[in-house]
Amino acid sequence: MSDAESGARDEARSASEAPLRLAGRLALLLAAIGRAVAEGELDRRMFVKSLYETGVRSLPIVVLTALFTGGIMVVQAAPIVERYGAHGLLGWGAGFGTLREIGPLLTALMISGRVGANNTAELGTMVVTEQLDALRALAIDPVGFLIAPRFLAIVTTLLLATLFADALALVGAAYVGAALLGVDPAVFYTGLTSGLLGFGDVAHGLVKSVVFGVVIALSSCHYGLATTGGAPGVGRSVNAAVVVSAAGVFLCDFFVSFLIA
Amino acid sequence: MISFREVSKRFGTRTVLDRVTFDVPRGAISFVIGASGAGKSVLIKHVTGFVRPDAGEIWLDDLEVSRLGERELASVRKRCALVFQHATLFDSQSCLENVALPLEKHGRGRTGAEIRARARALLARVHMEPFADRYPSELGEGMKKRVAIARALALDPEYVLFDEPTTGLDPVNARRVDRLIQTLSREGGVTSLVVSHDLTSIFGIADRIVMLYKGRVRLIGTPDDFRQSDDPVVRQFVRGEAEGPMDA
Amino acid sequence: MSDAPVVEHPRKRVLGALGQAGIETTRTVGSAYGVFVRTLYYLVRGRHEPGAIARQMYEIGNRSLVFVSLVMGFVGVILVYQGGVQTQRVLPDLSQLGATFLELLVRDLAPSLAALMLATRVGAGIAAELGSMAVTEQLDALRLSAADPVDYLVKPRFVASIVMLFVLTIVSGTVAYACGLVGARVFFDLSPRSFVDSSLVDPVDLGSGLVKCLAYGAAIPILSAHAGLSAKGGSDAVGAATTRAVVHSSLAVIALDFAISFGAHALFGGYSR
């Protein structure tokens with residue numbers, strides 16, 4: 001019991017690691033990944049494999065999350081729309097929130113929990129069992145072979161998943177709107193496409209999803225690589241990675257919202 | 001030849017290596033022995049640059065390893081393989097893929113088929129060819145250790161460092177690994193540096209032995225020198241006695 | 001064990017993945033429900049240990065407060081900004097912005113976002129801790145001394161999580177509202193007096209917000225503890241358990257959010273207008 005408790009304390013200490021130093025470490029990792037890619041060290045086969053795995057892992061939760069998100073958005077938009085008696089605006093009301101904020105945010109949080117955490121656990125296990133050193137002993141660059149492929153796979157997956165989740169959430173929203181408010185899905189779609197929403201709103205969300213992907217991929221790789229201390233250490237790393245990812249995602253959401261407004 | 005010159009290493013306040021100096025001659029099987037925690041593993045990890053000395057130099061032929069950066073170390077690691085104490089196979093890959101990986105990454109073989117054939121030949125050298133398509137989680141420790149040795153041999157290294165190769169193996173598997181190390185040196189001309197505290201291995205296959213005690217070199221010599229030594233510390237270790245001058 | 005991190009057999013089909021996710025969800029819900037029932041049982045019949053509960057309240061509540069409040073502060077500004085910009089496309093005036101924002105916060109955003117943060121921060125923590133205990137056989141040691149880990153470990157976290165989620169929701173919701181107020185002033189030049197307007201918050205909003213707090217607060221520790229307790233194997237098992245905890249609790253929050261929102265609107269929708 002006392003072991004576990006001191007472990008939890010260590011985790012909190014590493015999670016609340018001076019933010020600037022953490023940002024510095026993430027930047028260094030990003031630079032190393034960039035260098036590996038630029039110098040052609042990226043292992044293409046590992047990239048395809050990582051992409052496939054992150055895709056398969058993400059699909060079920062992205063589908064579930066997107067459908068629920070659409071439903072939630074309609075239920076929340078409903079009273080506002082009803083207050084003005086403007087059913088034609090339901091698509092707009094649920095749409096802008098989904099495309100610009102909630103779609104990218106929730107997809108990122110879920111993928112951070114599923115793929116990011118999994119990535120940390122895998123890398124952490126490899127570090128703890130010296131598999132990473134074994135790579136170096138074979139004169140294979142771990143960044144090009146392991147880190148860069150995973151990084152790129154996570155960023156790509158999140159971008160595609162957000163695009164997919166946006167569409168699915170809006171379909172879900174249309175049918176929840178029909179069930180709850182009696183708004184014909186056709187009216188909903190008209191509300192979406194009547195000109196109040198444009199490609200700009202979709203792009204806004206997609207730009208965010210790329211930034212979120214970078215944040216999630218970097219922090220999950222960083223904490224995986226920084227794992228020490230056996231099985232409990234892997235748990236602590238995963239914990240720290242998801243917390244830092246979540247905080248980073250919201251923080252970046254704030255800045256990106258204004259930067260590209 | 002691998003040379004350690006006045007190598008010192010501390011972790012925190014603990015001195016692990018204290019001005020260690022010795023040479024590892026080519027073609028022979030050299031052992032570094034000593035009690036657990038005597039700094040043996042740390043010592044050989046200096047050779048491939050996994051650990052940096054606080055003071056002193058490590059030379060691999062005419063290269064000063066201790067001065068090289070991570071990127072330059074790649075060339076050292078191709079010539080000097082390290083077999084870790086735990087097998088450290090990549091668990092997401094089959095035995096064949098594990099052995100093929102360094103071949104692929106370093107362009108040893110033009111086609112996939114050629115690489116796979118080479119990997120199979122390497123597995124055959126350690127008598128693991130029938131298990132080529134198994135995953136590490138399906139194998140016992142002794143088998144994994146042999147696959148790890150095959151993987152380490154993939155790049156035709158001149159030197160192979162073994163970190164406690166027989167620890168955690170049953171006696172039969174341990175002797176098989178010993179025989180493998182012996183064959184590599186006698187028939188393949190490989191220079192082996194083995195870290196061990198397994199007395200059967202030490203007196204079975206060693207040409208030369210370096211004993212570390214409290215971070216310093218205690219004795220260098222042949223197995224016979226060790227058997228006949230009247231140093232009480234050496235005597236206690238080689239006889240495996242509970243009572244003696246060594247610290248608990 | 002499909003999400004054991006390192007074992008991968010990449011021949012799984014996409015549909016297979018979806019189907020397996022469905023089967024696993026059912027199985028997880030079933031066995032997590034068992035943990036839930038046992039927790040409720042021990043709440044009535046188990047040991048009384050206010051010390052352990054207080055320690056968990058500190059662990060779950062106090063140590064998440066800064067994280068959750070910080071995030072919610074940023075969220076408050078973003079939502080007011082995005083909502084304001086969009087509303088301006090349709091309506092000429094923003095006089096309802098503050099009132100609508102408060103309504104949304106009370107009804108949904110404050111409890112749901114705080115719970116998503118808690119699912120990440122606390123869910124992962126619980127699973128990592130219990131998972132480590134499971135693989136190092138500390139749980140078996142507990143069982144051998146005739147102590148049910150649910151009573152000793154899950155119950156205090158359950159109580160603490162429910163209580164502290166209410167506190168976190170109220171505090172971080174207030175922070176979000178205050179930050180939104182500043183944002184409205186800066187971006188749209190809205191006076192704080194017109195922003196602070198609780199006329200749209202009715203008992204149904206308040207009620208569904210509180211029900212959400214209770215539901216999330218109960219679901220997160222149960223699902224996370226369940227993930228931790230069922231960890232088997234080596235270091236990859238703890239990582240896998242932690243992953244499962246975060247995914248299951250976050251999904252539970254989103255699903256409960258939908259169910260409760262939908263239910264509240266379907267039952268009391270008329271009243272709310």
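Chain A contains nine helices and zero strands, where helices (H or I, at least four residues) and strands (E, at least two) are DSSP runs numbered from the N terminus. The structure is a predicted model, in which local features need pLDDT of at least 70, side-chain atom pairs count only at pLDDT 80 or more, and totals for chains, interfaces and linings use all residues. Residues are numbered from 1 along each chain as its sequence is written, chains are lettered from A and ligands numbered from 1 in the order in which they are written, and side-chain values use heavy atoms, with hydrogens and water left out.

From the N terminus on, the order of elements in chain A is α-α-α-α-α-α-α-α-α. The C-alpha trace of chain A spans about 65 × 45 × 30 Å along its principal axes. Of the 261 residues in chain A, 61% are buried; buried means under 20% relative accessible area, exposed over 50%, and partly exposed in between (1.4 Å probe, protein chains only). Contacts were defined by heavy atoms within 4.5 Å. Among contacts in chain A between residues at least 6 apart in sequence, 84% join residues at least 24 apart.

The accessible surface of chain A amounts to about 8,900 Å², and 69% of this belongs to carbon and sulfur atoms. Accessible areas come from the Shrake-Rupley method with a 1.4 Å probe, and for residues only the protein chains shown count as cover. Chain A carries 16 positive and 19 negative side chains, with the centres of the two sets 3 Å apart. Lys and Arg count as positive and Asp and Glu as negative, while His and the chain ends are not counted; the place of a charge is taken as NZ of Lys, CZ of Arg, CG of Asp or CD of Glu.

A nonpolar patch on the surface is formed by A:Val207, A:Leu251, A:Phe255, A:Leu259, A:Ile260 and C:Leu70, with about 550 Å² of accessible area together. Patches are made of residues with over 30% relative accessible area and no salt bridge, like charges being joined within 9 Å and nonpolar side chains (Val, Leu, Ile, Met, Phe, Trp, Tyr) within 5 Å. Helix α9 (residues 230–259) of chain A supplies the largest share of this patch, three residues. A:Ile260 is located in the segment after α9 of chain A and is partly exposed, at 34% relative accessibility.

Over all chains, 41 salt bridges were found, a salt bridge being a side-chain nitrogen of Lys or Arg within 4 Å of a carboxyl oxygen of Asp or Glu. In chain B, B:Asp207 and B:Arg186 form a salt bridge (3.3 Å, N to O). This pair links distant parts of the chain, 21 residues apart: B:Asp207 is in the loop between α7 (199–205) and β9 (208–213), and B:Arg186 is in helix α6 (residues 171–188). B:Asp207 is partly exposed at 28% relative accessible area, as is B:Arg186 at 46%.

In chain C, C:Arg63 pairs with C:Glu59 in a salt bridge, with the closest N and O atoms 3.1 Å apart. Both residues lie in helix α2 (residues 50–90) of chain C, four residues apart, about one turn of the helix. C:Arg63 is partly exposed, with a relative accessible area of 24%. A salt bridge also joins C:Lys155 and C:Asp151 (3.1 Å, N to O). C:Lys155 and C:Asp151 are separated by about one helical turn because they are four residues apart in helix α5 (residues 149–188) of chain C. C:Lys155 is buried at 6% relative accessibility, and C:Asp151 is buried with a relative accessible area of 7%.

A network of salt bridges links A:Asp133, A:Arg136, B:Glu70 and B:Arg77.
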